[in-house]
Amino acid sequence: MARKPLDYEELNENVKKVQYAVRGELYLRASELQKEGKKIIFTNVGNPHALGQKPLTFGRQVVALCQAPFLLDDPHVGLMFPADAIARAKHYLAMAKGGLGAYSDSRGIPGIRKEVADFIYKRDGYPTDPELIYLTDGASKGVMQILNTIIRNERDGILVPVPQYPLYSASIALYGGALVPYYLEEEANWSLDFVNIRKTVAEARSKGITVRAMVIINPGNPTGQCLSEPNIKEVLQFCYHENLVLLADEVYQQNVFQDERPFISSRKVMFDMGPPLSRELQLVSFHTVSKGNWGECGQRGGYFEMTNLPPKTVDEIYKVASIALSPNVPGQIFMGVMVNPPKPGDISYPKFAAESKSVHESLRRRARMMTDGFNSCRNVVCNFTEGSIKILNFVDLQQLEYGYCLLDSLAIDCVVAGAMYSFPQIRLPPRAIEAAKRAGKAADVFYCLKLLEATGISTVPGSGFGQKEGVFHLRTTILPAEEDFPAIMSSFKKFNDSFMEQYEGYSRM
């Protein structure tokens, strides 16, 4: 019998190459266990509301009124909704001809793009053109659209940080490009080593790959580092001299809870540096409503802003955006509310400020609890160093497997800088690594599956993000409900200590 077009063997080979660990083997197994009745704690993805974070009231009020505009005609609407939420809903409905059930401009509602432009101007101190801002269904859609525009064939390479969020590796595979990984320096708080990055580019070019763009994720996912201004200057200068487009993934810019290294946008640093770089370097920046205090992942609101792209290129990007007709309109309104929230003096401001502060403070407390919990575990060390909510626990595997250690084996740092994840490096005993090989699994996948089966905690193995040879990690969020944290960390400790004992692992001195 002849094969049919949608038989597996006949599928687009690029589709088969796509790997997306965040919803991969561990997630699928967790879903199976959940169907069997096991309680699962899904910490595999940064999905705040799914793990109990309450939505900020003002945004939900505005969108509720936009979704049900007949409420605005009710004489009692002022009893249920504050006046500023009512006014904002009318403001957006006046922009959205036909309401939320109608398509918008393919680039997004012009008035909301103007609000995003005002937000960027206030943040960076430099104006931007709303015509160069496209609203998207979450930042991921914007990333995919730009990568699809850049990648022409299998010889076009994209520099991507490793560890990296697998959106990039998956999208590059889907569009038939070449992933060019540059490794972040774990022992130096996941910093960028431009000596090695230059070598990486030279090696790629020697293989016939045309490196066309560089991705930075700032603050990092899963690593959590927040780039300093000198770091960003070096990135910009590198991209300028190498003729690369800079893709700045800045979706965690509101998830920084320390003052020593605040978030600075690549765009601001670029304009601070002045010409010729500020006039010639091509930059695309991404943001979303899914992170920060909002955590509105399901609303799918995002944007990208283009700097120094030729008008004809912008026209082509518009043409592709128009295929989908319109980004979802409720997500656009959430973006408008995020970039233009209640201000001091507004009726809703006290509640908005109190709710935002509550989210921040709870995340910080959960970060501390996770740090302390990991510190109590056998072979896991985590120091709370910078006062934010991404925790990176470094526990080295290489000393046991290869007889040497890149890090200090007894005082391994934990960087806490930004975003909402923990990325521990687990020191596994040789017997555990051998058991994983016999099972046909990477060592970190083996560990994470055992953790899932024993505790119901669903994580992501570090191999899904990329890592250096012989080093193994897992990623988990710090998003479970604060009241559940003691039990979660106790469960992790019980499993980890039992696992290490079973496989005769290294124990602390």
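Reply:

**Aromatic rings and their surroundings**

Phe 446, Tyr 447, Phe 495, Phe 499 and Tyr 503 are joined by ring pairs into a cluster. Rings of Phe, Tyr and Trp (its six-membered ring) pair if their centres lie within 6.5 Å; planes under 30 degrees apart are stacked, over 60 edge-to-face, and the rest tilted. This is a predicted model, in which local features need pLDDT of at least 70 and side-chain atom pairs count only at pLDDT 80 or more, while totals for chains, interfaces and linings use all residues. Residues are numbered from 1 along each chain as its sequence is written, and side-chain values use heavy atoms, with hydrogens and water left out.

Searching the whole structure gives twelve aromatic pairs. One of them is Tyr 27 with Phe 42, a tilted pair with 5.8 Å centre to centre and 55° between the planes. Tyr 27 lies in helix α2 (residues 25-35) and Phe 42 in strand β1 (residues 41-42), so this pair links distant parts of the chain, 15 residues apart. Helices (H or I, at least four residues) and strands (E, at least two) are DSSP runs, numbered from the N terminus. Tyr 27 is partly exposed, with a relative accessible area of 24%. Trp 294 and Phe 352 are also a tilted pair, because their ring centres are 5.8 Å apart and their planes at 40°. Here Trp 294 is in the loop between β7 (283-288) and β8 (302-307), and Phe 352 is in helix α15 (residues 349-375), 58 residues apart. Trp 294 is buried at 3% relative accessible area, and Phe 352 is buried at 13%. Buried means under 20% relative accessible area, exposed over 50%, and partly exposed in between (1.4 Å probe, protein chains only).

One ring has a charge over it: the charged end of Lys 16 sits over Tyr 8, 4.3 Å from the ring centre. For this, NZ of Lys or CZ of Arg must be within 6 Å of the ring centre and within 35 degrees of the ring normal.

Now the core. The largest nonpolar core has 105 residues, and Leu 159, Met 214 and Leu 247 touch the most other members. Helix α18 (residues 443-455) gives the most to this core, with eight residues. A second, separate core of 35 residues includes Leu 65, Cys 66, Leu 93 and Ile 109. A nonpolar core is a set of buried Ala, Val, Leu, Ile, Met, Phe, Trp, Tyr and Cys residues joined through side-chain atoms within 4.5 Å.

Leu 159 also stands opposite Val 180 in β4. Strand β3 (residues 156-162) and β4 run parallel and are joined by six bridges; two strands pair if DSSP finds at least two bridges between them.

Elsewhere, an open sheet has three strands in the order β9-β12-β11, with antiparallel pairing. β9 (421-422) and β11 (460-461) are at the edges with a single partner strand each, so one side of each has no neighbour in the sheet. Two bridges join β9 to β12 (residues 474-477), and Tyr 421 has Thr 477 as its bridge partner in β12.

Over the whole protein chain there are 19 helices and twelve strands, and 57% of the 509 residues count as buried.
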